[in-house]
Amino acid sequence: MISKEQLEGVQDITWCTGCGNHGILVALRDTVMKLRYPQHEYLLVSGIGCGSKIPHYINLNTIHTLHGRSIAVAQGAHLVNLDLKVLVHVGDGDTLGEGLGHLMHAARRNVNISVFIHNNGVMGLTKGQFSPSARRGYVSTTSPPAAGAPMDPVNTVAFALTGGATFVGRGFSGNRKSLISLMTQAVKHKGFAVVDILQPCVTWNRELTWKFYNEHTYSLQESGHDIANKQLALEKAFSNGEKIPTGVFYKTKAPVLSESLAIPQDSQLKEHKTNPKDVQAIIDGLLIP
Ligand SMILES: Cc1ncc(C[n+]2csc(CCOP(=O)(O)OP(=O)(O)O)c2C)c(N)n1
Ligand code: SF4
Ligand SMILES: [Mg+2]
């Protein structure tokens, strides 16, 4: 079994005291310890933002990519090495903004990776601007005070469901037990898994607080939700009013991308040897004389 010490990250944690990211990190660490896959089989991919610093704080193979591009990189890494468990940890600003196209198309393709969205309703790292998940009218550090955010938010769960994700859940960084259960199921799931994680940003977001989430979230599983019913899952995704559902919304089986591509079944792309001369010949062929 992998110990806590083995998973200790190399850098000092710079998140604000009280930030919801701390709970997500502990849940990730405990999930890795619980799952018992070898440490070297994990690849943790992130974008840019406070939540995306997570690879520095846990000892797993990591790629800290560009803002909005983590899912594209994760998909490539997965396809060349199908032995990896590829986990993407990104912020709401990153994935639901510049990265939204990648999220939708990876869902359509049912790429066998899992995406964990650190959803705090703001762009924390860049000082609290409203993110694509902020409610209409939310007044951020940079929006016009009277009007606030001038549009409706991206509904993360509904987007994932309509895109075609085959595992869709929502967690809360204050409910570690449930978050570990969601992470465990998402990593084990064969297909594209999305987990929206409600995460208070104590520095910039004064609405989506620990108190707010403790008072407004409830468990779908404790209320007898049918995870095989996509229609019902969508209904729950839009019922984000007084009470916010958490837990597994939907789960199904479908062919994954790697099975539908012409990838050699008896070997892997990571073992493929490329002759640089062959690559050069292709590039030369593209040059306009
Ligand atoms: C291509 C590109 N666009 C924009 C930025 C600036 N930028 C860096 S972090 C960030 C916001 C991150 O917000 P979010 O993903 O919600 O993460 P949080 O900090 O809230 O965890 C932005 C806009 C960038 N670094 N690169
Ligand atoms: S700014 Fe917000 S999201 Fe970033 S570390 Fe601080 S509390 Fe967390
Ligand atoms: Mg954010």
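## Worked exercises on strands, helices and ligand shells

H89 stands opposite F116 in β4. Let's build out from there.

This is a predicted model, in which local features need pLDDT of at least 70 and side-chain atom pairs count only at pLDDT 80 or more, while totals for chains, interfaces and linings use all residues. Residues are numbered from 1 along each chain as its sequence is written, and chains are lettered from A and ligands numbered from 1 in the order in which they are written.

**Exercise 1.** Which strands pair with β3, and in which sense?

*Solution.* Start with the terms: strands (E, at least two residues) and helices (H or I, at least four) are DSSP runs, numbered from the N terminus. Two strands pair if DSSP finds at least two bridges between them. Next, take strand β1 (residues 42-46), which pairs with β3 in the parallel sense over 5 bridges; here L43 stands opposite V86 in β3. Then turn to strand β4 (residues 114-119), which also pairs with β3 in the parallel sense, over 5 bridges.

**Exercise 2.** Why is strand β3 (residues 85-91) described as largely enclosed?

*Solution.* A residue is buried if 20 or more other C-beta atoms lie within 10 Å of its own, exposed if 12 or fewer, and partly exposed in between, with C-beta atoms placed from the backbone. In β3, 6 of the 7 residues are buried, so the rest of the structure largely encloses this strand.

**Exercise 3.** At what angle do helix α4 (residues 100-109) and helix α5 (residues 156-163) pack?

*Solution.* Axes are lines fitted to C-alpha atoms, for helices over the stretch in contact, and angles run from 0 to 180 degrees between N-to-C directions. The angle is about 40°, with the axes 8 Å apart. Angles under 35 degrees count as roughly parallel, over 145 as roughly antiparallel, 65 to 115 as roughly perpendicular and the rest as oblique; α4 and α5 are therefore oblique to each other.

**Exercise 4.** Which residues are around ligand 2?

*Solution.* A residue is near a molecule if its C-beta atom, placed from the backbone, lies within 6 Å of it. The residues around ligand 2 include W15, C16, C50, N120 and W204.
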